Amino acid sequence: MTSGTTPGLTRFNTSSDSEAAAALHEVCSSSAWGSKVLAQRPYSTAEALFLAGDAATAELTTEDLAEAMAGHPPIGRPKAGDPTSSREQSGMAGASAELKAEMLELNLAYQEKFGHVFLICATGRTGEQMRDAVRERIENSPEREREIVRTELGKINRIRLARLVETTETTEIPETSEEESSA
């Protein structure tokens, strides 16, 4: 291993295409994103992988972004049995019933306006911070919001890629990161 290479990165680089593709799909559900990142294996460092992920995110079409967002549950409603969604949305775990009800209402209004889930890198954010973000962003134009979504998706993908390559488990390619998701 070269400096900057982790056991997780080595495992990702040497796994079969189907295993690596499945791991990348857990990071980002856009098939275009996964294909672009997969095609550049092996990666010499985690940073090289992150940069490839960033480039793939920047190249996503509107349809690719929609596919990526479809893989994220609304904030406050993580996927049942999915530890990644629960970890990513942990800022909502202790929220009051009132805040959860407000987030549901805001999520629905956002989705009605933009046609997709409210996507935010929720890592380290409280329920109130996520609520404030959706309140602010619902005023954006669709074009502005699309660019914000792309930026947020990039943050999420980086965190999930870091989790993928930092793990030292040897039985399987790890699940995705903990801290972010959509609203």
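How many aromatic pairs does a search of the whole structure find? The structure is a predicted model, and the search finds three such pairs.

Tyr 110, Phe 114 and Phe 118 together make up one aromatic cluster.

Tyr 110 and Phe 114 are both buried. The relative accessible area of Tyr 110 is 0%, and that of Phe 118, which is buried as well, is 1%.

## The nonpolar core

The largest nonpolar core contains 46 residues. Within this core, Phe 12, Trp 33, Leu 49, Ile 75 and Leu 161 touch the most other members. Helix 9, residues 142-166, provides the largest share of the core, with seven residues. As general background, nonpolar side chains in soluble globular proteins tend to be buried together.

## Arg 41 and its neighbours

Phe 12, one of the core residues named above, also takes part in a contact with a charged side chain. The charged end of Arg 41 sits over the ring of Phe 12, at 5.6 Å from the ring centre.

Arg 41 is also joined to Pro 42 by a cis peptide bond, with omega at about 0°. In general, most peptide bonds are trans. Pro 42 is located in the loop that runs between helix 3 (31-39) and helix 4 (46-58).

How many disulfides does a search of the whole structure find? The search returns zero. A disulfide would be a covalent bond between the sulfur atoms of two cysteines.

Are Cys 28 and Cys 121 buried or exposed? Cys 28 has a relative accessibility of 1% and therefore counts as buried. Cys 121, at 8% relative accessibility, likewise counts as buried. The cut-off for burial is under 20% relative accessible area.

How values were computed: Residues numbered from 1 in each chain as written. Predicted model: local features only at pLDDT ≥ 70, side-chain atom pairs only at ≥ 80, totals over all residues. Heavy atoms only, no water. Helix = DSSP H or I, 4+ residues; strand = E, 2+ residues; numbered from the N terminus. Phe/Tyr/Trp six-rings, centres within 6.5 Å; stacked < 30°, edge-to-face > 60°. Buried < 20%, exposed > 50% of the residue type's maximum accessible area, 1.4 Å probe, protein only. Lys NZ or Arg CZ within 6 Å of the ring centre and 35° of its normal. Core = buried A, V, L, I, M, F, W, Y, C linked by side-chain atoms within 4.5 Å. Disulfide = S-S within 2.5 Å.
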